[in-house]
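When two protein chains sit side by side, a careful reader begins with the surface at which they meet. Please look at the structure below with that surface in mind.

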4 protein chains.
Amino acid sequence: MRDFMIRTDLALEAKERFEGETGWTEALQGVLVETSFLEGTNGSLTKVTILNQEGERALQKPMGIYLTIEAEDLPRPDETYQEQISAELSKQLLTLLPEKDRRSILVVGLGNREVTPDALGPKVVEHLCITRHIRLANLPSFLKKEYDISGIVPGVMAQTGMETYEIVKGIVEETHPSAVLVIDALAARSTKRLNTTIQISDAGIHPGSGVGNHRKALTKETLGVPTISIGVPMVIDAATIAGDTMEHLITALEEANLIQGLSQTMEEFDEEDKRQFILELMDKRLQKMYVTPKDVDASVEQISFTISEAINRAFAV
Amino acid sequence: MRDFMIRTDLALEAKERFEGETGWTEALQGVLVETSFLEGTNGSLTKVTILNQEGERALQKPMGIYLTIEAEDLPRPDETYQEQISAELSKQLLTLLPEKDRRSILVVGLGNREVTPDALGPKVVEHLCITRHIRLANLPSFLKKEYDISGIVPGVMAQTGMETYEIVKGIVEETHPSAVLVIDALAARSTKRLNTTIQISDAGIHPGSGVGNHRKALTKETLGVPTISIGVPMVIDAATIAGDTMEHLITALEEANLIQGLSQTMEEFDEEDKRQFILELMDKRLQKMYVTPKDVDASVEQISFTISEAINRAFAV
Amino acid sequence: MRDFMIRTDLALEAKERFEGETGWTEALQGVLVETSFLEGTNGSLTKVTILNQEGERALQKPMGIYLTIEAEDLPRPDETYQEQISAELSKQLLTLLPEKDRRSILVVGLGNREVTPDALGPKVVEHLCITRHIRLANLPSFLKKEYDISGIVPGVMAQTGMETYEIVKGIVEETHPSAVLVIDALAARSTKRLNTTIQISDAGIHPGSGVGNHRKALTKETLGVPTISIGVPMVIDAATIAGDTMEHLITALEEANLIQGLSQTMEEFDEEDKRQFILELMDKRLQKMYVTPKDVDASVEQISFTISEAINRAFAV
Amino acid sequence: MRDFMIRTDLALEAKERFEGETGWTEALQGVLVETSFLEGTNGSLTKVTILNQEGERALQKPMGIYLTIEAEDLPRPDETYQEQISAELSKQLLTLLPEKDRRSILVVGLGNREVTPDALGPKVVEHLCITRHIRLANLPSFLKKEYDISGIVPGVMAQTGMETYEIVKGIVEETHPSAVLVIDALAARSTKRLNTTIQISDAGIHPGSGVGNHRKALTKETLGVPTISIGVPMVIDAATIAGDTMEHLITALEEANLIQGLSQTMEEFDEEDKRQFILELMDKRLQKMYVTPKDVDASVEQISFTISEAINRAFAV
């Protein structure tokens, strides 16, 4: 049975929806998928490339490269392990950003620092090795690499009254970075992704992502410079939980022969109909809620540190 | 149809489970319920008194008085409104705490200040008008009331390695307050309670409450002085969401004549069986998760302020 | 004896240096001073107007209006009192900003939120009633006034790698506010100003102000829209303390006839020579230090709240 | 010339006052001093042992061992370097705490987390590897060492209304640690000590230390178990700055033959008289102020991390 709803920020999850269905390989024309094992981390790296509009339609994501590091131990406080993840992430960042675009990197930490799972972006910026002002002050001898790092935590709309796009666009126009790195907490489709997956993409960040409200896209097209996103799923929509539960219940009822054919009927619905059906069964208030692990504070701390280290390693130290 | 699971910190919700069932008034022997309208706040005050062991069994809560203020606008940032709620809360606190027990009040802010919905208790203590040290310094003329307020934020077990009980008991033994007020973020059974309900009880705080881990009870029996709890539901267990969704789906399937009698069968199960059934259908990882509104940071800020004001008004200013 | 050094962000203090000297009224040509008593607050309002380049030279401040509210009880946690101050501040803001410039106000909270006295600006923005996004969302009926408020906390150079000017200029260009309000913690010349003085000016903010490093001016000239600054002295430079102490010691030694004429000699030095003399006597490390009261956390909290209320009152509620 | 005032939390500074004076070695009877170079850190370790009441009188500190690590680069964000300091600190902690006292360590983070330089203690506790609750939960196989760590941030009197002593004593009585480690930000006598010195002592913590108000001693005598203090100078009293400046000015005036013999006269005063003299020349408000470097936020972050690592290394990992 296919999912009742698609609501994921991860290209990898979008792709997985199709697997096992009849004709799924055709459905994914315009999409390339390569997976490799990450030595030493017990994790894997998957590269999903959306090549054209066909691929865009299939995965409902814009064209671009989506690199996903999956590592179950990502929130584990083990320094050696975290260094391996940082090193890998650093390497992948550099593959998406050729030498010519590395001169000056503006790191944007999206999200609300007052809401624990949404504080990932702000915390990454806090841990960065900021260097741009050192070159501004004509002290390049203090720098180990010839690149600059600058950083901004724009805040969310309820705090600023401005779209994130407006703030970032203004700063880009004024400070002329050669590339933008956007860090954000994402919403995942399944609990197993929470805190265990990092997605890096050259397609930037698009509306409706994550916990907060960042409505206008931050991409190469809108900002005028290469825009790489780094996202980690920190929450699940409450609606996703409700959809999953229904699916499990229907399967259980069918296996017990209490109902027949419902899951088949459901499959014939299109995504939007299913979404409507679930939303009707759900408490309206749930639609404005998110689900997150009880120990999310420790995960945010650990993962933000690992991402900062990757950026520092790539561009500063 | 009755709920699949009971998992609530609110006596009011425990009581509501029974309403409408055959024989529910008998089921609630040992329980007294009185409700009154709260002038001007568009809210209500319900007093549930659990009189004896029969009442304890029925509601699965210890004997005591449970006062519940319900006010839909609780998180609304309207100063006049918040003052009315503070005044009512202050009045109810004093009804539970006779003059002889007001000499010196130790306020305990339970929860983890690093996790947004669980920061309610710590934030209440931050906003308090602390006065005990002023009397210690022999400067009583600076005090407006003859009571003292002290406060502590003990932290959660993962931060301290100690049971909350151990910390609070130690401090009570050393500083001899005449009463303890414990503030905690609660888990509610339904989304409509979130951020709209304040429960005050003279039964203290019991294991498994709230988001964190506060396992040993904080009560008059364990601490040796009257122990009043003030709790506000800030989260829902993810398992509750799953249970609700199932319930709604079964009802929908029955109404559509796709299945028969399932809800009746379910009702014959006892609570524990139902809980097991839901947990089996649910993703294991969900059991360690909570559901909370996206704007929980603003609600925590507002409500913590209103509770502090109520305590200040009762004992300090 | 005149001061050894001038190092103040307050026009009022700059002016006071001259008083009592021979010919001081001439020295202050180009400067207008009016003082009035603030009913009910036990405070005063002084308006220093720097009319032309002569005034600029005299006070070493740019042309403009400098309104100073002095109120000894500013950090006192008394709600009624704070409301009076808010009302006065609100009124003065509106005198500096004619109706035509009130359409959309961008509030900039300068300073480092991780350093207690420097967190004044960031905390003011936190407490604001942000409204611009409500009009963006086409929900003007939710707004009480026809003005918008937006806010930004740009951070300091060590956190962002960018000049504050670059960030603010970029945001202004993109979001087109009708005026900018800049909030900053200032350095005062004397301890009695700390936490007891609010300066509002239409001259904006200039290099070297406050605790942090905000080097390029934020003014009407640089930003292109009227730029009002609100500043509160939260620290004193350690060098100022050293200078004051010297002055007191020299006076004491002269009164005891242990030395003669030194203070007179000193007076013949120009400001820069005196500054050099003090810096030579001082420990070099002190030059990067600041002096602040031990309870600065409570003052920052209280004063930031009062300033936010004034802005909210003027433009939002 | 000797100092005008003694006001230091460092035994090392207390000792240094005497050096170079006639008969200083006799003055320090009852005091043993040993210094060694710390390989690789470009720092040194000084051990001051106060053997008896003569030593106590001389240094105005209680009997005990005072180990001081001096390392100019302490606030430098260099991981390898910080690890060397952690290792040394860890080693010294174990020399002060024999095997029999290591079973269960309660770490107390003194200070006010809302005031940047005073947040050292709270931040050390935040970074600790807390383990006691793991053994409580009967999961010793998760522990790498057979010791437990617990931690508490008691807050300051203005926040709690209680003496730090009352809180810590209560917790010790209830949780029975085998030793207490108290972490505190100290006041130093000279700017060169700021952020560059760590003092470890088995004499515990005594009244009037640091920025906050921790009046009753935390020592083996008062708490009933070995009590080790770890302190880092993060502030200087404003009065110290004033005293230093005077001293420098008098020396300069004498060298210029503008005055004679004043410094000699001063030396004949006793400490208390000098202190009074300075306080009279100083602005009264300065007495409630402290001096701290502008980048104190970064230093607190770095040094708290290094101390946590030392404790983790000694007792947890």
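How many bridges join β9(A) to strand β9 of chain B, and do the strands run parallel or antiparallel? In this predicted model, five bridges join β9(A) to β9 (residues 289-293) of chain B, and the two strands run antiparallel.

The contact between the chains draws 37 residues from chain A and 37 residues from chain B, and together the chains bury about 3400 Å², of which 69% lies on carbon and sulfur atoms. Within chain A, the residues that lose the most area to chain B are Leu249(A), Tyr290(A) and Lys294(A), which together account for 20% of what that side buries.

Polar links are also found here: nine residue pairs are in polar contact between chain A and chain B, counting pairs with both residues at pLDDT 80 or more. The elements of chain A that give two or more residues to the side touching chain B are α10 (238-255), α12 (271-281), β9 (289-293) and α13 (296-315), and α10(A) gives the most, with ten residues. The make-up of this side by class is set out below.

| Class on the side of chain A that touches chain B | Count |
|---|---|
| Nonpolar | 22 residues |
| Polar | seven residues |

Asp237(A) forms a salt bridge with Lys294(B), where the closest N and O atoms are 3.8 Å apart.

Terms used
Residues are numbered from 1 along each chain as its sequence is written. Chains are lettered from A and ligands numbered from 1 in the order in which they are written. This is a predicted model: local features need pLDDT of at least 70, side-chain atom pairs count only at pLDDT 80 or more; totals for chains, interfaces and linings use all residues. Side-chain values use heavy atoms; hydrogens and water are left out. Contact means heavy atoms within 4.5 Å. Buried area is the accessible area (1.4 Å probe) that two parts lose on being put together, summed over both. A salt bridge is a side-chain nitrogen of Lys or Arg within 4 Å of a carboxyl oxygen of Asp or Glu. A polar contact is a pair of N or O atoms within 3.5 Å; within protein, one must be able to donate a hydrogen and the other to accept it, and residues adjacent in sequence count only if both atoms are side-chain atoms. Helices (H or I, at least four residues) and strands (E, at least two) are DSSP runs, numbered from the N terminus. Ala, Val, Leu, Ile, Met, Phe, Trp, Tyr, Cys and Pro count as nonpolar, Asp, Glu, Lys and Arg as charged, and the others, Gly among them, as polar. Two strands pair if DSSP finds at least two bridges between them.
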